[in-house]
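The sequence and the model are shown first.

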Amino acid sequence: MAAVRVVGGWASPFVTRVCVALRLKGVPYEFLQEEVGKKSDLLLASNPVHKKMPVLLHGGRPVCESLVILQYIDEAFAGAGRPILPADPYRRAVHRFWAEYADAKLPTALRTLRGTIDGDEAEAAERAAAALARFEETFAGWFGEEGNRFFAGDDVGFLDIALGSFIGWFRAAEMVAGRPVLDEARTPLLAAWAARFCAHEAVGDLMPDAGRLVEFGKALRAALAANASRPPASR
């Protein structure tokens, strides 16, 4: 059994975060793929509170919630690979704030655009685009005046991973809804950053193809509908 294991699904942006962070650190890991529309006994036992992926198992001990896992990886493997969080306390706080902002603003809008939850697609597309425009406005100086390639500077870091994990779903949502999300005309700096992030050696094949994500969304909706139609188990 590997010392480090990741319980999750290839299509989840939150799982992608964990895998990118482990690659940045050069930490080998075993990936335990969850079945679509179901939750394994290992997942439920490892995360009994939220019952969600990802879960990082390090020496058999579970760590849950993707942003918490990123910070754990940075600390647990401090002597390996590249740092994930900035060394400066203020920059660390800024990165954490904006990572939580991304998680507060983007997932619901993307699920609406993918059709996995009900809602107005035009409104959802505008919410996602407005959140990304806020990133563009806030960090324009970092990419422009300071000449940074990533939010963390010259290399990928905590906020890059947190926001970058959604890029595949931005593209998939654009295919499904026929509306721009990560719009090069509206957010050119962010669009250029996204291309650099996806090309990074730690990301590469971990970023799901948009077409494959669209098909996954269909399979997930079908699985959830099938589960909802099943009669409750007798006691």
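Four strands form an open sheet in the order E2-E1-E3-E4, with mixed pairing; strands (E, at least two residues) and helices (H or I, at least four) are DSSP runs numbered from the N terminus, and two strands pair if DSSP finds at least two bridges between them. At the edges lie strand E2 (30-33) and strand E4 (61-64), each of which pairs on one side only. From one strand to the next the twist averages 25°, where axes are lines fitted to C-alpha atoms, for helices over the stretch in contact, and angles run from 0 to 180 degrees between N-to-C directions.

This is a predicted model, in which local features need pLDDT of at least 70 and side-chain atom pairs count only at pLDDT 80 or more, while totals for chains, interfaces and linings use all residues. Residues are numbered from 1 along each chain as its sequence is written, and side-chain values use heavy atoms, with hydrogens and water left out.

Strand E1 (residues 4-8) pairs with strand E3 (residues 55-58) in the antiparallel sense over four bridges, and Arg5 stands opposite Leu57 in E3. Two helices pack on the sheet, contact meaning heavy atoms within 4.5 Å.

| Helix | Strands touched | Direction angle |
|---|---|---|
| H1 (residues 13-25) | E1, E2 and E3 | about 160° with E1 |
| H3 (residues 66-76) | E3 and E4 | about 125° with E4 |

A search of the whole structure finds zero disulfides, a disulfide being a pair of cysteine sulfur atoms within 2.5 Å. The sulfur of Cys64 is too far for a bond, because the closest cysteine sulfur, in Cys19, is 15 Å away. Cys198 is likewise in no disulfide, its nearest cysteine sulfur, that of Cys19, being 15 Å away.
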